Amino acid sequence: MQVASSIRAVVPSQHHADSVLLYLANHGQYVKSIDIAGTSDGCEPTVTFHELPYSLQGLTSLVAKGLRLQLQPGDGHQGVLGLGAAPKQLQVDGCMLLDGVEALTAALSLLPGLQHLSIVDNSNSDSVVHSWRLDVPSGDLQQLTYLELTWCNLEVPDSLQHLQAMTGLQDLRLGIVSGYIESLSSYCVKASMLLGLKHLTRLQLFHMLGRAMLMEPGALAGHTQLQHLMIRGCSYFQEGEAEAEELLSHLQKMQHLTHLDLGSYNASHQEPSVPTAAYSAVTASSKLQHLDISCCMLPPGAWQHMFPAGRHLPHLQALVVNEVRHPSGAAVAPEVSRLVSCCPGLQTLLMDYMQYSSELLAPLTGLSSLHELSLRSACVSTEGMEVVSQLTGLRRLTLYGCSHAVGLMLSLTHLQQLTYLELREPNLTTVVLQNQVSSTGVGHMCR
């Protein structure tokens, strides 16, 4: 009998969980990796694991999703992290921690070889994100190369001070929930928190529940080796001209970026005070593959500095500029002619709730690799939309306020490669046609 070294199981009931435990008890000495996912009854997990077999001494990776977990020894059980093994990768995702988040903190101090730690949305009794403090002694987590804390409600603003000593981190992802924090100044990603993290290649900072999170512009200083940067939902252009220019100056030095996400959840109402030329830093890396600046407030003229004549972004495949605003209202969309010359390999272009014109959109035909397009006019206008029917390589298309234009809709019959078509109308139900589009043909649905 061949025994698997990697176990991945979905356990819909306690009976199935017991079967998994029986298998592990008999063959655990051969198992190196475990990935167990449970099911939920409404919001709460229904499957419980109080412990794992002691035979799992060689376990290197443990992933638990949607389970009721006992982590530490107690009540006659050893706990899933009290089995004597020391996995290098630990992921606890959407689990109910029966002995509380304190047990998780205690367990981390017993895993000195831990390299990959992911904590996502863990509650103690009622599936509400529980306040947690990362107060593990820094010396116990020096080997970490990956740390993810998502949907974690930090107990106090300085909960992340221990990050300073995790000098081996290469990938840091923080998705913070702090709805009870009274003021924005109560929580801030400070430069001192990231100062010692010299090996970071991926940094994600984002706030949940639509609230903003402050970030000191200096937090990015020296991180020129970053390849993936997300600071979504953070307030980074709102503290004054000097701070915003400082952040952009750090971006200018990040020549290895392949993924940049500066998007927000709601466009700021504050007029930008940064000189338009400074926005050239957003596209300073010629290695960019993905760029998202949704819901940002930009000054008029910023596009010509982001996509200037002579700049080449040959690897850029996705550009997302939904709901970008100028101080006067919805922004004019980027000149497509600039995009054609600057990033001819674009495959995804999302420009929702912006201002368009026929002249501006006509060059879309020059993007021969374009597969996904979203155009939702800020003023419910069909101006310029006629070019869409010429983009025969499209596979996904979203249009807003255009279904009443019969000529335009009939022209979509030329898009024979579409697999997804979404039509939105103001104050009306969205019409989504997915998967069936390519087989039935758009023409049949427009008649």
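At 29% relative accessibility, Y353 counts as partly exposed, where buried means under 20% relative accessible area, exposed over 50% and partly exposed in between, computed with a 1.4 Å probe on protein chains only. The model is a predicted one, in which local features need pLDDT of at least 70, side-chain atom pairs count only at pLDDT 80 or more, and totals for chains, interfaces and linings use all residues. Residues are numbered from 1 along each chain as its sequence is written, and side-chain values use heavy atoms, with hydrogens and water left out.

A search of the whole structure finds 1 aromatic pair. The pair is formed by Y353 and Y400 and is edge-to-face, at 5.6 Å centre to centre with 65° between the planes. Rings of Phe, Tyr and Trp (its six-membered ring) pair if their centres lie within 6.5 Å; planes under 30 degrees apart count as stacked, over 60 as edge-to-face and the rest as tilted. Because Y353 lies in strand β24 (residues 348–354) and Y400 in strand β26 (residues 396–400), the pair ties together parts that are 47 residues apart in sequence. Helices (H or I, at least four residues) and strands (E, at least two) are DSSP runs, numbered from the N terminus. Y400 counts as buried, at 13% relative accessibility.

Another ring, that of Y420, has the charged end of R396 over it, 4.0 Å from the ring centre. A charge sits over a ring if NZ of Lys or CZ of Arg is within 6 Å of the ring centre and within 35 degrees of the ring normal.

Helix α2 (residues 100–108) is mostly covered, with 7 of its 9 residues buried. These are G100, V101, A103, L104, T105, A107 and L108.

Most residues other than glycine have a negative phi. Phi is positive in D75, near 55°, and in C295, near 60°. D75 lies in the loop between β7 (68–69) and β8 (89–93) and counts as exposed, at 79% relative accessibility. C295, in the loop between β20 (290–292) and α5 (303–306), is buried, with a relative accessible area of 8%.

The loop between β19 (259–261) and β20 contains S286, which counts as partly exposed at 39% relative accessibility. The C-alpha atoms of S286 and T258 are separated by 8.3 Å, the two residues being 28 residues apart along the chain. Leaving aside its neighbours within four places in sequence, S286 is in contact (heavy atoms within 4.5 Å) with H312, L313, P314 and H315.
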